[in-house]
Amino acid sequence: MSDIPAKATASGRAPGDIVWQSSPPGSIYDYIKVASFSIGPDGTVDQWSERAARLFGVDAGEVVGRDPVEAFVPPELRVRGHRKMAEILDGKEWTGVVPFRMSADPQAPAAHGHRADPAGSVDGLAEIYVMPTRTERDDPAAVCIAVDVRVLRGIETDLAASQAIFGQSPFGFVLFGTDLRVLRVNDRFTSVFGERPEGHRGRTARDYLSGGEADRLEAALRHVLERGGALNDLTLAGRVPGGGDRHDWSIDLYRVHGGSGRPLGVAALATDVTRRQAAAREAASARRNLALLNEAGSRIGNSLDLETTARELLDVAVPGFCDLASVDLYQGLLTGDDRAPGLTDGSGELRRVAFASAVSDLLPFLRERTAPEPEAPPPVPDRPQVPGARTGADAGNAGHVGNIGNAGNGDVSRSGSGERGGERDRTDAAGAPSAGEVTGAPGLPHGAGPGPARESVESVESVPDARSDQERLQDWSASPAGPFTVGRRTEGAQRPADPYARARAGRQGRDPHEPGGTGRQGSGHGGAASVSVGAVHRYPSGSPRAEVLRTARPRLLPGKDGDLVQSTLAVPMVAHDKVVGLAQFARTKGSEPFGERDRALAVELATRAAVFIDNARLYRREHERALILQRSLLPPGDPEAAGLDIACRYLPGTTATEVGGDWFDVIELPGHRTALVVGDVMGRGLRAAVAMGELRTAVRTLALLDLEPADVLSHLDEIAQGLGSPQQTTRAALQDQDTDLAEVYLATCVYAVYDSVTRRCTFANAGHLPPVVLEPGGADRPALLLDMPPGMPLGVGGEPFEEVTVELPEGALLALYTDGLVESRHQPLDEGLEAFRNALTDPALPLEDACDHVLTSLDTHHGEDDIALLMARVKGLPANAVGDWSLPREPRSVGRAREYARAQLADWDLEALADTTELLVSELVTNALRYGEGEIRLRLLLDRTLVCEVWDAGLVQPRRRRARDTDEGGRGLQLVGLLSASWGSRRTPHGKTVWFELALPDGDEKIADPTEALLSLF
């Protein structure tokens, strides 16, 4: 490179101070190879520069002193060459293109722009500018400037190609200088941003992009300018002049160098990827929706509990689909009233069964709002790294950067794919905070910074708040600025004790309890105060949500100005063509708005959940009905019996139905006797429960007939045989019929009658496990299995049943049970019976504790069969509670009976019952004399009631009839029925017994007047 004089670098510098230096980098001479040589007066070369040597490939020693025409010009052109040389030496300037040929070293490569032929010569084409000069002796000479024509044409071609590529490229091209200002743009760029290319010169990135995006682009330009290399697929977002639509551009950056390697600036190639980004967001949305649907399919409906199913829906929706969500179900459907008012117009009562929120990260925001504000915001740290951009080395495998806008104004979109995540605070790939972390409130969702906060939050005084974060969140959530204020809380709605106990888990039951209460209008979409989980509320007829419930069509409800909620998607929950409730999905400011795909996804999620919720509702209804059935088939409360303390337990084999075929019963019989029944219908579920109900009803009916235990089981056997075939009720018909074994009802049963006067218990068994008796004495006398004939199960038929009578000692413990207590798949029957006997060790233990001890000692959680346990402790009537007399068959016995009765009542301090008892005893003894046989026996029994029994040897049962006005008799039994609480007769082994029962006076109840009862008969 030749030395040239440098221009003065400072004003006022003298010309003599000018410094000679090398050409600065980027000079034109770096690209155009210029050579010089001179011709002396004799027409030969007298000076040969180094550039000439490089251009022509000949050293000075080989050229100096030679005729240039002879040395370089081809022979056929030498004549013209000599003529031109003569003209030059005569002082004439000349410029032209001169071909030249010279021999070349076979080992040396051809010079730039030259072509070597097979003979070893090199063809060249040089443009020469010849300037005549004079020597010191005033002889003519010439200075020649030579340029390789082929190099010039290459440069011209490169410039034309560059201009064509730059001007005709379909991509926007921008050249930034080292000061990051625009040097040049192409026509494609101006077609988007307007003006002529010259009008963009000197502009910066901030003239095209918003603050946040401009910062990212300038940081990227500075990074490429300083470090070199390339930065690919930098995604930026903005709006073009005159257009309101948002555009996405993918920018590729690379540094531009001069010929000497000096950086000249940064070139940016921009591609509009708006459609590609939209397609990517759509694809990401579709993937997200598919993932949510897959998750919903696996998580929703795993339980038959209404509240659990609703919570499962919200677990799927929050935060993957929305920021807040709630589920309201019709109260009428929950209570089983399908015709509750308001179901047709959407104004019916609803119950909030679930609520979920992903805005528990508002606690830092609340701390900031309740603390003194700083005088100035902290400065934004420098960010030399460009988040999300790819360098040339990893351009093939790195993802594009997300679109981050101004978090303060809500113009923020999700990162590239548009997917929603569970975390609000994100960092970029380089570890630097995102825009939302710099410009928004800490921990606040995008776009919900302190600037547009709600009025109620702004009104908080800037003083330290001693309340806990949880209390501040509760107060804020319950205020009009709360994140999800919908519905109206009805009077008397119960609020949970601590609805915010699980706020950090993202799930809250919200309640806006404040003075004055339920009518306060809030800023929520429902136009009223918040609704706590479990509260009953309603939406007014004609309101948006009531319309959603009425029309069964989803609706997007926009948020209000200053509201944290951007929009709410209200979706009806429809199952089996019936609206069962309302699901609401809300997104906060800064979140991606709901689209059509989101609407369809919300409808799908709500529909799936609605089907499961309706199934759970139907299951709950059937379950409650089954429970009502089961409870109606078992004795209500704690059964009571004369001379017995009773405790009982029933455990269903499965909690899914809680009904089965096991049952027990305690039936009070006349004469202070008690029937104890335990039975087991083979099978389980509702079918067994229905059969059990029929058998239990039959047992109670037969027991009231006061039959012997064996007779009761015989009648039950016939009834059980007819249960499977309702149209074939006789034994002969059953034998002739090919009975379907699946419809045969078999049952085992033990029936015992206990007499509290004699403490004797008569048992009859139909294939059931024997009772267990624990006599007083504890460890000295272990529990025993009663030795009694097992008998055949009910429904088999053909075999009689036998009775066993056992006298039970005072304080003995009697246990009746079903096989589910002592037998399971993992426990043989013998081992179970032994374990049961070993569990009964203390006869003095309270019965309730004894039952619990047995159930905890044995394997009762196998779930294979129902368990029924009936335990009774013997407490016979004391001798002073029994009056027993024998009367001869003579008329005087009637008077004696009255005397005996009055005297006994006097001993018992029951003189208030003396007149009534005398009258009724007189009637029964008179009937025994007139219609009975043999000796007469009178017995009075005192326990919870007063019982009078008259025995005789006659077999004819008394029958009450209605006497006519003219009849002189026939009114005795009517009188007994009027004055007694109950009366009846029963057969005995030696005749019959007629009895009546009177309630003991309690001081408030008025005793029936016998005189008035007699007069009422006429």
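This is a predicted model: local features need pLDDT of at least 70, side-chain atom pairs count only at pLDDT 80 or more; totals for chains, interfaces and linings use all residues.
Student: How many aromatic pairs does a search of the whole structure find?

Tutor: The search finds 13 aromatic pairs. One of them joins Phe56 and Phe72, with 5.4 Å centre to centre and 40 degrees between the planes.

Student: Which class of geometry does the pair of Phe56 and Phe72 have?

Tutor: Planes over 60 degrees apart count as edge-to-face, those under 30 as stacked, and the rest as tilted. The pair of Phe56 and Phe72 is tilted.

Student: What does the pair of Phe56 and Phe72 tie together?

Tutor: Phe56 belongs to helix α1 (residues 50-56) and Phe72 to helix α3 (residues 68-72), so the pair ties together parts that are 16 residues apart in sequence. Phe56 is buried, with a relative accessible area of 4%, and Phe72 is also buried, at 8%.

Student: How are the rings of Phe189 and Tyr208 arranged?

Tutor: Their planes stand at 80 degrees and their centres are 5.3 Å apart, so the pair is edge-to-face. This pair links distant parts of the chain, 19 residues apart: Phe189 in helix α6 (residues 187-193) and Tyr208 in the loop between α6 and α7 (211-227).

Student: Are Phe189 and Tyr208 buried or exposed?

Tutor: Both Phe189 and Tyr208 are buried.

Note on methods
Residues are numbered from 1 along each chain as its sequence is written. Side-chain values use heavy atoms; hydrogens and water are left out. Rings of Phe, Tyr and Trp (its six-membered ring) pair if their centres lie within 6.5 Å; planes under 30 degrees apart count as stacked, over 60 as edge-to-face and the rest as tilted. Helices (H or I, at least four residues) and strands (E, at least two) are DSSP runs, numbered from the N terminus. Buried means under 20% relative accessible area, exposed over 50%, partly exposed in between (1.4 Å probe, protein chains only).
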